[in-house]
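Hi,

Here is the structure we talked about, handed over for you to look through. My notes on what turned up follow below it.

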Amino acid sequence: MPRTIGKLSCLKKLLVGNNKLSHLPSEIGDLDSLEVLHLRRNNGLRALPESICKLVHLQKLSLTDCNLSHLPSEIDRLISLASLGLGRNRSLTLPDNIWHLTRLNASHLGGCNLSHLPSGIGGLVSLATLNIEENNIYTIPDSISDLPRLGYICLNNCAKLRCLPKLPTRASVYAAHCPLLESLPLELDQLGLMGLSELQHVVSIVVPARDKEVPIWFPYRGRGRNVYFVVPPSPSVKQKILGWILRVLISWAPREASHLFPKLYIQEVICNKIKKQGLSHHFCVCTGVDNVWLMYIPQGYAGLQLEGGDEVEIQLDEYSETLVKNWVIDLIYEADEIDKGNDTLYQVVSI
């Protein structure tokens with residue numbers, strides 16, 4: 001890359017991925033108008049010039065599949081940065097000030113051989129998407145639950161991960177192929193620091209199942225992909241429904257080699273013979289093991305307001321040789337939230 005590139009003062013996008021760049025000239029910091037810098041798959045790129053931190057209008061920085069060992073010491077000066085891709089830089093050390101990027105919306109840190117995430121991650125107040133798959137982390141800091149906009153967390157293939165933290169109030173979590181995972185945030189007080197009554201979005205968790213856990217999660221069993229239940233009367237006239245939890249145990253049983261990703265869909269939800277829009281969800285099944293999909297749906301979400309006597313049907317669509325083995329519905333009432341999970345949940349199951 002020529003040093004004269006710094007004279008392109010009006011340049012907004014620089015896309016030089018999939019090349020053999022080994023370094024960038026310091027003059028790149030003179031690109032005052034630059035908003036997008038794409039350097040992906042430059043395997044010889046081991047470091048960035050400190051001058052890159054002068055790019056105060058930079059919004060997207062893609063460095064996935066390079067060979068970086070460190071980032072510039074003043075990376076927090078990139079005050080407009082919204083998207084940062086660092087995946088598969090396997091010798092990368094993250095500076096502490098990276099957690100000061102308060103406008104960062106999406107971060108890809110998968111495959112970086114990270115052994116831990118510092119509590120400072122809670123400073124990424126704009127973060128909506130976090131991919132930290134294929135790392136060596138044991139735990140996730142509790143400060144992650146302080147991120148008000150975090151909606152997607154990918155932890156797939158974190159082979160040493162042992163536990164999950166309390167969740168942000170609107171997060172979907174994917175944690176497939178985490179064989180050491182010992183505890184899941186299934187208790188009511190772990191579905192959000194603000195309590196279930198504050199949740200307005202679906203919380204979705206996908207994890208591999210272990211045989212010893214199945215009897216606990218499914219004390220009463222419904223089978224097949226058609227879920228049906230009748231909402232019982234409230235235990236007390238003062239207790240309102242806060243929401244409900246759908247837990248599904250899924251297996252993958254291929255009959256022949258397939259290149260399709262196995263998936264499970266909520267095709268539609270029908271309440272009292274009326275189809276409800278906006279409740280369709282899906283996830284990719286982790287192949288080779290059984291999976292558990294847990295979804296918490298708050299009362300009133302997508303216009304679905306359950307009352308005693310309502311008939312609810314949920315049609316699950318199995319794709320690419322997935323098989324629904326068991327399912328259970330937990331209705332959550334105000335007292336459950338107040339007691340923080342100390343009481344047994346009311347369970348409605350069709351056998």
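A quick definition before anything else: I call a residue buried when its relative accessible area is under 20%, exposed when it is over 50%, and partly exposed in between, using a 1.4 Å probe and counting protein chains only. By that rule Glu268, at 18% relative accessibility, is buried.

Bear in mind that this is a predicted model, where local features need pLDDT of at least 70 and side-chain atom pairs count only at pLDDT 80 or more, while totals for chains, interfaces and linings use all residues. Numbering runs from 1 along each chain as its sequence is written, and side-chain values use heavy atoms, with hydrogens and water left out.

The overall picture

The chain has two helices and 18 strands; these are DSSP runs numbered from the N terminus, with helices being H or I of at least four residues and strands E of at least two. Of its 351 residues, 50% count as buried. If you take contacts (heavy atoms within 4.5 Å) between residues at least 6 apart in sequence, 53% join residues at least 24 apart.

The cores

In soluble globular proteins, nonpolar side chains tend to be buried together. I looked for nonpolar cores, meaning sets of buried Ala, Val, Leu, Ile, Met, Phe, Trp, Tyr and Cys residues joined through side-chain atoms within 4.5 Å. The largest has 67 residues, and those with the most contacts inside it include Leu37, Leu86, Ile98 and Leu155. The elements giving two or more residues to this core are β9 (203-208), β11 (241-252) and β15 (291-298). Another core lies apart from it, with 29 residues, among them Phe229, Val231, Leu246 and Leu316.

Beyond its neighbours within four places in sequence, Leu155 touches residues including Ile132, Ile140, Leu164, Tyr174 and Cys178.

Cysteines

How many disulfides are there? The count is zero, taking a disulfide as a pair of cysteine sulfur atoms within 2.5 Å. Cys154 is in none, and its nearest cysteine sulfur, on Cys158, is 7.8 Å away. Cys154 is buried at 3% relative accessibility, and Cys112 is buried too, at 1%.

Salt bridges

There are seven salt bridges, each a side-chain nitrogen of Lys or Arg within 4 Å of a carboxyl oxygen of Asp or Glu.

- Arg3 pairs with Glu27, with the closest N and O atoms 2.9 Å apart. Arg3 sits in the segment before β1 (13-15) and Glu27 in the loop between β1 and β2 (36-38), so the bridge ties together parts 24 residues apart in sequence. Arg3 is exposed at 60% relative accessibility, whereas Glu27 is buried at 16%.
- Arg88 pairs with Asp65, the closest N and O atoms being 2.8 Å apart. This links distant parts of the chain, with Arg88 in the loop between β4 (83-85) and β5 (106-108) and Asp65 in the loop between β3 (60-62) and β4, 23 residues apart. Arg88 is partly exposed at 26%, while Asp65 is buried at 16%. Arg40 joins these two in a network of salt bridges.

Cheers
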